[in-house]
Amino acid sequence: MNKKRRSQHWYGKLDKDGFIHRSWMKNQGFPDHAFDGRPVIGICNTWSELTPCNSGLRDLAEGVKRGVWEAGGFPVEFPVMSLGETQMKPTAMLFRNLLAMDVEESIRAYGIDGVVLLGGCDKTTPGQLMGAASVDLPSIVVSSGPMLNGKWKGKDIGSGTDVWKFSEAVRAGDMTLQDFMAAESGMSRSKGVCMTMGTASTMASLVEAMGLSLPTNAALPAVDARRAALAHLTGKRIVEMVDEDLKPSDIMTKEAFENAILANAAVGGSTNAVVHLLAMAGRVGVDLSLQDFELGSDIPLLVNCMPSGKYLMEDFCYAGGMPVVLKELAQAGYLRSAKTVLAGDISAYAKGAECYNDDVIKSFADPVKPAAGLRVLRGNLAPNGAIVKPSAATDRLLEHEGEAFVFENIEDMKANIDRDDLPVTPDTILVLKGVGPKGYPGMPEVGNMPIPAKLVREGVRDMIRVSDGRMSGTAFGTVILHVSPEAQAGGPLALVKTGDRIRVSASEGALELIVDEAELDARRDAWQPDPPHYTRGYAKLYIDTVMQAEYGADLDFLVGKDTRLVTRESH
């Protein structure tokens, strides 16, 4: 052993401090030679029964351990905060940065040389990567994997996407409440994340496209034995990465982020990828901006998965998964050269890839939809930007002008959306304020507001909705999101009144409030922010320090990294 490992500052000292570190670890039955200088590998586990998406990670951790031992490493599993997307209030996004802090400080404080990040549910993957990037020790991801396809009445149903459809059908009187409740158990029938191309599967796909996991990580079902084998191989590989000193900063380059943007367009990925990639880039010092997401605007939709298509992640896996998508991007000349956790170029992930179902994974020559990547919108209503997902939108609404109907906050919307006398038409633009990072707080997935009940009964299933919040990656519709600055921060969205006209043009990248500037100045002078919803604890810290959507909604004091070794001992 030529190089003194980081862990040896804990376990290699022949003094009182070394005695303490080794002796208390030995009460778990570890022998002397476990501390002989071999790499200590942390397994950062977000397993929790309150995070159903990640409920299989305890088993995957055992696979990782087998691989670490096989490669001559010493695996040690540790827990961090787990963010149950479907279980937490007011929104799991409020706590993504807290998870990132937990991961960062746990990695920094313990005597480990590299880390395997076990995550999957929407915010766990980006939160873990943000934290790991800020310490910059060798790191690799193993995702939870998607659930098996949902089944109901002999048909495949998709998590999230069909919830929104069924819910509207009940409101319209087209589906009974009894059928709605019966679909509940069939939708989620195995461990794993949403089997639609929601945020969880999107982030797993982008992690693979960035070379932060082994190939095929994104799509293997959670309960597929091949995922356990992948965990084993990942444990083996992280030991090698420690020997090679291959760190997140070596992999998370501008080119890797560009590949993620291109892949997000090709798979019809979640709008939430925007805030997560921006936050991750801020941790490694990569100059990534909202405008960079225009790179994907002309990329066709290749993956025919809900919510933009008709299949599910299990089908995507059997069709060939992300290696096929990367092969298509490479053959079309889009894939950037970038290093991966395998130390080679990302192009190796596409080598030998074969599509086994060309209705699930399309080609550039025959895509699901042309030019389907996210669009960035700007204008006097969103000076710092907003986004829309054309692949999930109604084409005719992407170029539209109409009158606004404004909900001042989420309670206003819920109290009034089903009023029979709500003065709205299919051409109305619904506006929701107060759901941004500071305003809610946490920027929840409520931007895809329900269609007003009176219009649902008339058969309306989409209309333009504008907010400073987010929407689920499983959702669909002509929904304009992440409007910045948010209303609570005094952005122009705060000034919109019912009856104002708004113009949307995806082709021009425009979001305009058609109101005289003098009138807006008068409204601005009279505006006051709402009192904060929280005045203590982490939530107060979040409200006080969170940045706007175009910076990934990270906390301002967490941007960047600190790779210094902790030298002060606890005793």
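A cavity is, on a 1 Å grid over the protein atoms alone, a set of points where a 1.4 Å probe fits but cannot get out, and its lining residues have an atom within 4 Å of a point. Grid points are joined across faces, edges and corners, and a volume is the space filled by probe spheres set on the points. The views below come from a predicted model, in which local features need pLDDT of at least 70 and side-chain atom pairs count only at pLDDT 80 or more, while totals for chains, interfaces and linings use all residues. Residues are numbered from 1 along each chain as its sequence is written, and side-chain values use heavy atoms, with hydrogens and water left out.

**View 1. The second largest cavity and its lining.** About 30 Å³ of space lies in the second largest cavity, which is lined by Val 274, Leu 290, Gly 385, Ala 386, Ile 387, His 482, Ala 549 and Glu 550. Strand S8 (residues 382–388) supplies the largest share of this lining, three residues; strands (E, at least two residues) and helices (H or I, at least four) are DSSP runs, numbered from the N terminus. Sorted by class, the lining has five nonpolar, two polar and one charged residues, where Ala, Val, Leu, Ile, Met, Phe, Trp, Tyr, Cys and Pro count as nonpolar, Asp, Glu, Lys and Arg as charged, and the others, Gly among them, as polar.

**View 2. The largest cavity.** The structure holds two cavities of 30 Å³ or more, and the largest contains about 40 Å³ of space. Its lining is made by Ile 261, Asn 264, Ala 265, Phe 293, Gly 296, Gly 373 and Leu 374. Which classes of residue make up the lining of the largest cavity? Four of the lining residues are nonpolar and three are polar, with no charged residues.

**View 3. The largest nonpolar core, around Leu 277.** A nonpolar core is a set of buried Ala, Val, Leu, Ile, Met, Phe, Trp, Tyr and Cys residues joined through side-chain atoms within 4.5 Å; buried means under 20% relative accessible area, exposed over 50%, and partly exposed in between (1.4 Å probe, protein chains only). The largest such core has 126 residues, and those with the most contacts inside it are Phe 257, Leu 277 and Phe 316. Leaving aside neighbours within four places in sequence, Leu 277 is in contact (heavy atoms within 4.5 Å) with Leu 206, Met 210, Phe 257, Ala 260, Ile 261, Leu 288 and Phe 293. Apart from this core lies another, of 28 residues, among them Leu 397, Ala 404, Ala 487 and Leu 513. In soluble globular proteins, nonpolar side chains tend to be buried together.

**View 4. Tyr 542 and its surroundings.** Tyr 542 lies in helix H18 (residues 537–545) and counts as buried because its relative accessibility is 0%. Not counting residues up to four places away in sequence, Tyr 542 touches Met 93, Leu 94, Asn 97, Pro 437, Pro 441, Gly 442 and Leu 555. Although Tyr 542 and Leu 98 are 444 residues apart in sequence, they are 8.9 Å apart in space, C-alpha to C-alpha.

View 5. Ser 467 is found in strand S11 (residues 465–467) and is buried, with a relative accessible area of 0%. A polar atom of the side chain of Ser 467 lies 3.1 Å from the backbone nitrogen of Gly 469. Beyond its neighbours within four places in sequence, Ser 467 is in contact with residues including Leu 432, Val 435, Gly 447, His 482 and Leu 493. Ser 213, placed in the loop between helix H8 (199–209) and helix H9 (225–244), is also buried, with a relative accessible area of 0%. Residues up to four places away in sequence aside, Ser 213 touches Ile 140, Val 141, Val 207, Glu 208, Val 341 and Tyr 349.

View 6. A cis peptide bond, with omega about 0°, joins Lys 89 and Pro 90, and Pro 90 is found in the loop between strand S2 (74–79) and helix H4 (96–109). The peptide bond from Ser 484 to Pro 485 is cis, with omega near 0°. Asp 245, in the loop between H9 and helix H10 (248–251), has phi near 55°, a positive value in a residue other than glycine. Ala 553 lies in the segment after H18, and its phi is near 55°.

Definitions and conventions. 1 Å grid on protein atoms, 1.4 Å probe; cavity = no way out; pocket = protein on both sides within 12 Å on 5 of 7 lines; lining within 4 Å. Polar contact = N/O pair within 3.5 Å; in protein donor to acceptor, adjacent residues only side chain to side chain.
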